[in-house]
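I opened the notebook to look through one protein model and write down what I found.

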Amino acid sequence: MNRKLLVLNIFLTVSCLGYAAPKDSAYIERQNMLKTGLGQYDVNPAFYGRKYLFSQNELQLGFLHDRQKLAYVEQKGDGCFATRIRTESYIRLSKRSTVWGMASYRTRNTKHIRWNNTADYDLLAPDVTADSVGGDTKNEQYYFRGGYAGSYGRWTIGAEAEFRAEQEYRQRDPRMRGVVSDLNIRLGATREWLSYRWGVALSGNVYRQRNDVKFYNFDGGYSQYLMTGLGENYHRFADNKPDVQYRGGGVGISLQMMPATSQGWLASVSTSEHRYERILVSYNSLPLTTLYHQQIDLMVGWKREGDSDFAIWGEYRWNKRSSDESIVGASSVNVYPVEGTLTMYKYDITDASIHALYGRNGRHPWHLGIDAGYQNRHSSYAYPERKMNVARGYALVKAQRMTSLDDRWKLLTTIYTGYTKKLSSHIVMPYAIMEKSISEMIASNYRFACTDDFQGGVSVRADYQMRGGNTIYFQLAGDVIVSRPENNEQQVVCTLGITF
């Protein structure tokens with residue numbers, strides 16, 4: 001990973017500032033809660049090329065500090081400190097064509113990760129390597145994104161590519177290291193018909209990770225695990241030197257409908273399927289497990305934009321994971337034949353929600369949004385039988401106001417509050433045959449998955465327009481989660497930036 005590539009990309013992006021946009025309009029439309037709340041623009045590059053009317057370039061430096069009293073999920077740690085530098089451009093070349101790009105570099109130190117030695121835990125769980133000790137990890141991420149959209153008559157065609165290179169490592173035993181490359185490509189098209197824009201988008205993904213754990217002190221008494229779900233692990237191949245590769249990817253398709261005017265109905269449906277194979281390199285590239293992701297997202301609603309904004313929409317999301325384990329025969333000359341597979345782990349998330357938003361535009365725009373929903377998470381392992389089910393309801397209220405203090409100063413204030421309530425929960429575990437440390441991990445994760453949470457946060461951003469039209473800004477945001485029983489989380493984000 002070469003940092004010179006990031007510096008070059010930032011230089012080229014900031015150098016392409018040949019279009020002078022109306023600064024107030026560009027600022028207002030990027031902070032508008034209606035545009036940021038509707039995700040339809042982002043899944044289809046043809047729609048994204050029409051998301052904003054005005055060009056803007058931005059260079060940003062940000063800091064994040066997160067602290068949890070106790071880890072909500074032990075595999076993710078109990079807090080972190082991160083620093084990121086990011087540059088982003090969105091340039092309207094003409095009324096019919098748009099280009100955009102982004103590059104960023106991020107470092108992150110995460111505290112007290114346990115039962116996970118694999119980068120991208122949220123993506124690859126439960127098929128991760130783990131140990132009984134854990135520790136702090138460091139992470140570096142390079143991210144690049146670029147796209148183009150152009151209109152040809154009633155048609156708009158768009159294409160976008162994004163690439164993420166990431167490494168996560170620990171400098172004390174057990175010394176884990178995961179190196180990730182992740183490429184996504186999206187193609188999209190829209191057509192105007194009957195006062196609406198109808199869109200279709202296709203996406204493809206290629207994913208790789210090399211993951212290993214090393215020890216300098218072989219008498220440390222560490223135990224290694226190849227986790228397979230709900231505390232179960234593949235005992236036969238667990239040892240003190242796992243060398244693992246993850247290979248995967250997938251495809252997706254989405255359909256969208258949005259009004260071509262300032263008001264009308266909107267709808268979208270998308271589906272995707274991905275698979276990730278875990279390969280044991282140290283056992284002659286043995287394919288040990290295969291993780292499948294299936295997802296369906298639905299949305300339908302109505303919006304009106306103008307002097308006043310109004311929108312109401314509902315969303316339904318379903319995500320299913322299943323993991324197949326290989327049935328491995330006896331080895332011959334270090335070759336391990338795969339004689340079959342069994343689907344041992346299943347995990348389903350169902351999330352249904354309704355959203356409403358109202359606001360007034362003008363010199364001091366303001367918006368108010370309300371969200372409410374229901375979520376059910378169900379996971380199971382075939383044998384020995386393990387089950388975990390948690391259902392929760394949630395509600396959130398968010399308010400935002402933009403204030404022009406004078407010709408140069410602007411202030412953006414955002415506040416929100418929310419509550420999550422456990423509705424039902426159920427767990428089945430073979431505690432009699434489980435290791436004590438694994439039982440404690442499962443009990444901790446389950447306890448905090450069942451908590452009632454109160455959330456709240458405030459964000460204040462101050463922008464100052466310099467002579468020449470460029471704007472510098474400072475943003476400070478704080479969030480807190482208070483859970484019953486006895487847990488809490490605080491997060492502070494500080495951002496410095498300049499827009500062109």
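**Entry 1: the model.** I noted before anything else that this is a predicted model.

**Entry 2: the largest pocket.** I looked up the volume of the largest pocket and got about 650 Å³. I then asked which of its 33 lining residues are the closest to the centre. They are Lys35, Arg50, Lys51, Leu53 and Glu305. I sorted the lining by class and found 10 nonpolar, 12 polar and 11 charged residues.

**Entry 3: Lys35.** I picked Lys35 from the residues closest to the centre of the largest pocket. I found Lys35 in helix H3, which covers residues 33–37. Is Lys35 buried or exposed? The relative accessible area of Lys35 is 12%, and the cut-off for buried is under 20%, so Lys35 counts as buried. I listed the contacts of Lys35, leaving aside neighbours within four places in sequence. The list holds Glu29, Tyr41, Lys51, Tyr52 and Glu305. Two of these names, Lys51 and Glu305, I had already written down for the centre of the largest pocket. I also looked up the spacing of Lys35 and Lys51: they are 16 residues apart in sequence and 7.7 Å apart in space, from C-alpha to C-alpha.

**Entry 4: the second largest pocket.** I got a volume of about 260 Å³ for the second largest pocket. The lining has 14 residues, and Asp136, Thr137, Arg170, Gln171 and Arg172 lie nearest the centre. By class I noted two nonpolar, six polar and six charged residues in this lining. Which strand gives the most to the lining? It is S5, with four residues. S3 also supplies at least two.

**Entry 5: the strands around S5.** Strands of a sheet pair through backbone hydrogen bonds, either parallel or antiparallel. S3 and S5 run antiparallel and are joined by 15 bridges. As one example, I noted that Thr107 has Glu140 in S5 as its bridge partner. S5 is also joined by 15 bridges to strand S6 (residues 155–169), and this pair runs antiparallel. Here I noted Ala149 with its bridge partner Gly158 in S6. S5 and S6 form a hairpin with two residues between them. In the turn, Gly153 has a positive phi of about 70°.

**Entry 6: a three-strand sheet.** I traced an open sheet in the order S4-S9-S10, with antiparallel pairing. S4 (129–131) and S10 are the edge strands, each pairing on one side only. Three bridges join S4 to S9, and Asp131 has Gln224 in S9 as its bridge partner.

**Entry 7: helix H7.** I checked the length of H7, residues 436–449. Its 14 residues reach 20 Å from the first C-alpha to the last, close to the 20 Å expected. The buried residues of H7 are Ile438, Ser439, Met441, Ile442, Ser444, Asn445, Tyr446 and Phe448. What covers them includes strands S9 (224–229), S10 (232–233), S17 (386–404), S18 (409–428) and S21 (487–499). S9 and S10 are already in my entry on the three-strand sheet.

Methods:
Residues numbered from 1 in each chain as written. Predicted model: local features only at pLDDT ≥ 70, side-chain atom pairs only at ≥ 80, totals over all residues. Heavy atoms only, no water. 1 Å grid on protein atoms, 1.4 Å probe; cavity = no way out; pocket = protein on both sides within 12 Å on 5 of 7 lines; lining within 4 Å. Points joined across faces, edges and corners; volume = space filled by probe spheres on them. Nonpolar A, V, L, I, M, F, W, Y, C, P; charged D, E, K, R; others polar. Expected span 1.5 Å × (residues − 1). Buried < 20%, exposed > 50% of the residue type's maximum accessible area, 1.4 Å probe, protein only. Contact = heavy atoms within 4.5 Å. Pairing = 2+ DSSP bridges.
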